Every structure is written in C-alpha cells, then in structure tokens.
Amino acid sequence: MSGSKRSDMPARTRKHEGATGRKVLLMGCVRGGVGLAMVLAVAVGLHAQVSFDRILRGSTEPQNWLTHSGDVKSQRYSPLTEITAANVRNLELRWVFQAQSLEKFEATPLVVDGIMYTVQAPNDLVALDAATGRVFWTYPYSPSTQARPCCGRVNRGVAILGNTVFMGTLDGHLLAVDAKTGGLVWNVPVGGARPEAGYGFTLAPLVVKDKVIVGSVGGEFGIRGFIAAIDARTGKEAWRFNTIAGPGERGNETWSGNSWQTGGGSIWVTGSYDPDLNLTYWGVGNPGPDWNGDRRAGDNLYSESVVALDADTGQLKWHFQFTPHDEFDYDSTQIPVLADIQFEGRPRKAMLWANRNGMLYVLDRTTGQFLLGKPFVKVNWHGGLDGKGRPTKVLAPTAEGTLIYPGNQGGTNWYSPSYSPRTGLFYIPSWMDTFSTYIKRPVEFTEGQRFTGAAPLMPIRMVQAGAMLNRRLPEEGYGAVQAFDPKTGEKKWEYKMTDVTDSGVLSTASDLVFSGGREGYFFALDAATGALLWRASVGAPVSAGPMSFAIGGRQHVAITAGSSLFVYALRQ
Amino acid sequence: MNARIGVLALLTVLASGALLAQQGKYLPGEIEGGGRLYQANCTGCHGPEGDGVAAVNFSNGRFRRASSDEDLLRIIITGIPGTPMPPGNFSGSQASTIVAYLRSMAAGGGANASGDAARGRLIFEGKGQCQSCHAVAGVGSRLAPGLTEIGAFRRVVEIRTSLIEPDAEIRPENRTVRAVTRDGATITGRLLNQDTFTLQLLDAQEQLRLLEKSNLREFSLLKTSPMPSYRDKLSAPELADLVGYLASLRGRP
C-alpha cells in the first residue's frame, strides 16, 4: 500500500500547507531582516520536513502536535485558545475514524500541517486528513504471531522526524515509513527482536535530535528490559541502556544471584527530554517476577525507577527508585512530566510524577533530588517516605493474601497526566480507593511463559475496547481526575466518576482540562475548579490521551474510545 | 555426587513435592473467580458438579490423569491430546483459579440433589412463591435472576446456600438498587449498569428504566438480598425437593 500515492494528495492538504506557510511568512516579516525568497524557501522546507528544532519549539506552532505528549517536556498542554469555558458547550463531532480492529485504541495521534498520523492496533500506520478523517494511506504491518504482550495487542502512537514516521511494533521491530507515500524506508529488529521471549514495543517512540528512542515491554515474561536509541536515518542502534543492571553495571548489586537475568523492567510509555540538560527521562516497569520477590533479594535497580540518560550516549546520569523491591506490580510506567516551577521560594527544573504506587512525587530533574512525596490516593503499603523519598514498606504479598491499597492497577497507570503552566496545576487520572488482594505463589522461569508469581485479586476488571457494565459498590473504588499543586503537594480539586478511568488528560491555554473514562464519556472541565463544562458520549471506554490541533485557525480536540477516534470542533 | 548427597537431593525433591501438594489453601476470591471461569468454560462437558465426564468427578476429587495442582494446571492450559479435553485459552493465573475452584468442589464434598424434583417444582410454583421474582422457561417474574439453566451453572451446595442464606453471596450482576426521586417516589429494581450521571435498572414493574442521578434525592445499592431465607419457611424435606428441582433445570429441552 505504498509508493504511488504522492499524486493522490488532495487540494485540501495543499491549502493547509499554504495556510501554514503564510503564517511562517508573517512571522518572518515581523522578525525582519529575512528576505522574502528565503522565508518562502524556509516555509516550503518546513512543510517537507519536521526538523527536531520544530519539535523542540512546538509551542510556536500550536496547530500541530509533533510528538506523543505535545512537546518533549510531556506536559500534554495545548497553547490553543479558541475553545474556552464560555463556548465549549458548542463542541460538536466533526468526524470519526473507525479502526479495523477490536483492540483498545490507545494511540495519541500526531498532526503535522493538516495530516494526522496514528496507529490502528496492533500495527497499521495510518495517515488521514485531519479536517475530514479521510485516509490518505495505510501502512499495514502484521507482527509475528510469536508476540506475547501481557495486556492487549495495543500501540500508543508514532513519532516523526524529517519526512519519516516511526512506529515500534509488537514483535520488537522499529519501522521507518515515508510520511508522504506510506512506503517503508527501513525495518529493523531492535536488539535482534525476540518476541517469543516477550520483547516488543507498544509505546510511541521519542525523537531526540537525530535518534529515535524506544524501550521494550515484556516484564511479565522475565525479559531483561532496555531503552535503545536508533539512528533515524540508518536504523542502526546508537546506544542502549539496560533497565536491569547486569554484571559490571552500577546497580547489579541490588539483584541477588543471577536474578537480574530475568529482571523485567519494561518500558511501556514514551519518555521526555530536557534540551538544556540534554537528558532524556524514562519510567521503568516492574521487576520480574511481579508478585513474588523471594528470588530477587535487593532493591532491583532500575525497576520501578525513573532514569535520566545522556541523550547522546545513553549514559545514566541519575536515577530515582519509587518502589524498591516491588512486589505489587507498581510499574513506574508513567510519562515524566517536566515543569519549571517555584519550589520553596526558588525556581526549580522539576519533574512531576504521580506513580502507580499511589504517591505523587516532585523531583529535581537536574540531579534527581527528591523534593516532595505525598499520597494522591489511599495508600497502605508503606509507613512513610524518608528524606530521600524511600518508602518504609509495611506490607507484602503472602500465601494467604494481603489487602493492599492502591490495587494492582495502581493509583494511576500508563495514562498521560497533564501540567498547565497557566494554572500551575498537575492533572492526574486517578483510581480512588481501589485495592487488591496480593497472593504470593512459587514461580519458575521458562522463556516465553508468564513469570509473575500468582495474580492479585481485584474487583475491577481490566479495560476492554467495548462498552462495559458497572455494577460495583461505591466502596470498591471509583475514578477521578485530580488537580494537585506541585509546589505544595496540595490537592486543589477532584472530579469524581462512578467508574475508574484509563484516559489521559489534556490541558489547554484557555484553562480547560479534557479527559474521559471507562464509562464512555469524553468531557471538559474547568482547569481551575474541576467543574464539568461539557461532555459527550463516545460509547466505550476511553483508553488514550486527548490531544488538540488546529486547521485554518479552527481548534480541534481528538480522543479515541473503544476502537474509534473522535474529533471535535466548535459548531460554526 | 556420592550416594548420600543423592539421597538428600531426592528427599529435597520429595519434600518440595509434598509442599506443593499441600497448597490446597486458596482464597475465597480465587475460588469464586475460578468458579466463574469453570461455569463459563467447563460445565458444558464436566457439568456443574464436575461429574459429567466418565471416570472423572471433581466433587469427589477424582481425576483420571492428575493428582497435583501442577498436573491440573497443565491440563487446563494444554488440554489432553487425543481426548475431547481441549487446550484452554487461559493465562496461568486464570488457570490457577480454576484449580482453586476444583479443589474447593472436592473440599465441599459431592452433594447430589437428594430431593424429588417433581415435588420441588410444586413448591417452587406454590408455597415457595418463587415465581413472584424468578422465571423458569419464561414463566414467572424477571425481577430476580432467571433460573431456566441454574442447574447447569450452579452446584447443588451453592443452590442450597442461596436458599438458606440469601445474603451470603450476592453477585454484582444481582445487586438491587433503591432510589428516591425528588418528588418522593421510591424506585427499586435490579441494577443493570451505572455511571456518573445515570442508573440503569429493571424496576419492580419489569420496565427498563434510566434514572438521571440529578433527578434523585438519594439512591443506594443494597447489600442484602430481597429474597427471604427459606430456612424456616420450608421443612428440610421440602427444601431438599426444591433444591432437587432447581438442580434439574438445565435449560430448555
């Protein structure tokens, strides 16, 4: 499905490009000193190429959404302001894209100059017209049947650099696809790609400079996890960081015996990047086996940690471990949110992190220093954090079962949070008062087989693509979007839902917060108060993050639910 | 390796085997979860009492090819080639809950219905007034769970417990909601679904209704069953007959 589509590009798309070109031209004139011909040349170049400089300065072209979380700081914040508290009630559905897939639609689309790129699960890359939803091309990819993702054959989106779109696949390949034709540029098995052993990709890759960074899933199968940077041009591996420290690597002493060999440490979601520090940040998943830590005595680095890596070399600069020697499956599978805030009276380059373990953390992202840690949901597994943020564990799984808050799905999970630099608030998709009974059972390792040590029992099912019934008692837990002030850890508001949520959160420069939930609503809240301003029924659980883009100056908001993508704009 | 070490190693293996064999301790939640999987996937051949396949009876702990939990786990996942027992589409943890349920069946003992189903039917339709809430083959009310196939899914011991202690276990799909509207009217029914803004239920008039929470003064999910206990309403023989009737309900002929 490639190779001859260039001539199919409709007039509409060229019009979009023209509109953006005029904007760039205007900016060039305002800045002055730039010749008209040169500006035009630059403008044409911009449309042909998504340079990393464009991605870094994405907020100057808010009509586009050039990287998974909107910008490399992963704030999932849109500078667009057309949709406001006053008019949000006039949002209407503009178009729907129905995937040929019954999997959960977890991808956040990218939008580049009127073209949307997303993934139909598991691994069909799709380019659509962002104004109408009409499909330009599809690059279909069928991952190996050997792939064994723990929790759905899903994909969370793509990255773009230059004229190339990058997609990680369920069977551990990274694909480079021509953004205009849908033709394959290269396809590399990252690190050899061993899907039969549990390796694979579900995340949207992160582009930093000339590299595409990915990390593998497989923590339920006893993999040894990694983060790898791939040369965007050649597909060759530039560097690799092992998320589980092996012999000769710092941290290996936190694994008893050879337990590091099956130590897990998945990467489920996209990392972040600070261009001033040249550090890229990634959250690392659970140690293996998940629920029985007997065979892996020690802290088990770098499971359940955030690692700060030199973006050029992959060298570890610092790490912070949220849950040492985890036995609750508290993956640190959250997107690191980078925010520059005032903390204790002075400006800090901070990192905001609501962890699956139920705790909200504020770290200094230059050094990894622990600044603040408070529960954002009910937590009973530890007795407090020490001055360095290390928890004092008081409970563990047992053969008889131990009741733990938060439950196995955590206080939050992979769903994208958001930070608004306008309100200064951190918005967290939350599972409130949820619990699991953790059971410990013996476990032996067999490659390709589940390596977990018994499953926790929980009254709430994992999400599925279709509509779900909710007959739960209130005391079995509920969902919420919560707003916290990262300067103090103080909760500002909570928007309650009867059912839990697998939806990310988007905040906007017009002080709106968009999110959804398992109930099948997509809604807008007042970013300052949490008041519900608008809602639409999308008919199935939302299990992705909202994003926003504009075409011809008209702001749109996109969300997936079930196996479809919905795009809204104001009624005209 | 000298002989002494060899014996020690053998003893260690035997000891660990014995340890595994003792792992009959399963949690109520595991047993319940396994029971649901069993009812959905296994009763078609094995029956609710686990005695549907010749020479196998889960209620008596009688297996043809398995003795340890590990044996059962393996068979549930991989099936038995050359027999009608197929590989199950279960994760290891799901399969282990089925093992938990199988073990609980044996621990509960084989409980065959001893009552007379024909007499039990008369009680069901008469003195017991069961049809005022339950339906069998389309006869009766829809307010409570339909019982047309109850004998195909629930064990005799479970049916008896439900009759004697209705509040002991109320499954989420059988919860009752009580709502009071702003004008003071009370509505009760089976909770079918709910969200932040609405309740969906089957009300006492057997009408499907959606209630906007904003129009309600209050609402709550009841933690007790609307069904009375039959412990004192029926004699022991009558109860046995009623259980016998319900256990005989295996769907429409």
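The model is a predicted one, with local features needing pLDDT of at least 70, side-chain atom pairs counting only at pLDDT 80 or more, and totals for chains, interfaces and linings using all residues. Residues are numbered from 1 along each chain as its sequence is written, while chains are lettered from A and ligands numbered from 1 in the order in which they are written.

Start with the interface: 18 residues of chain A are in contact with 18 residues of chain B (contact means C-beta atoms, placed from the backbone, within 7 Å). The chain A side has 8 nonpolar, 5 polar and 5 charged residues, where Ala, Val, Leu, Ile, Met, Phe, Trp, Tyr, Cys and Pro count as nonpolar, Asp, Glu, Lys and Arg as charged, and the others, Gly among them, as polar.

Within chain A, strand 37 covers residues 564–570 (strands are DSSP E runs of at least two residues, and helices H or I runs of at least four, numbered from the N terminus). Of its 7 residues, 5 are buried, that is, with 20 or more other C-beta atoms within 10 Å of their own, against 12 or fewer for exposed and anything in between for partly exposed, C-beta atoms being placed from the backbone. Strand 37 of chain A pairs antiparallel with strand 2 (residues 91–98) over 7 bridges, pairing requiring at least two DSSP bridges; here A:Phe97 has A:Leu565 as its bridge partner. Strand 36 (residues 554–561) of chain A also pairs antiparallel with strand 37, over 6 bridges, and A:Ala561 stands opposite A:Ser564. The hairpin of strands 36 and 37 of chain A has 2 residues between the strands, and A:Gly562 takes a positive phi near 60° there.

Over in chain B, B:Lys127 sits in the loop between helix 6 (117–125) and strand 1 (135–136). B:Lys127 counts as partly exposed because it has 13 C-beta neighbours inside 10 Å.

Key
Two residues are in contact if their C-beta atoms, placed from the backbone, lie within 7 Å.
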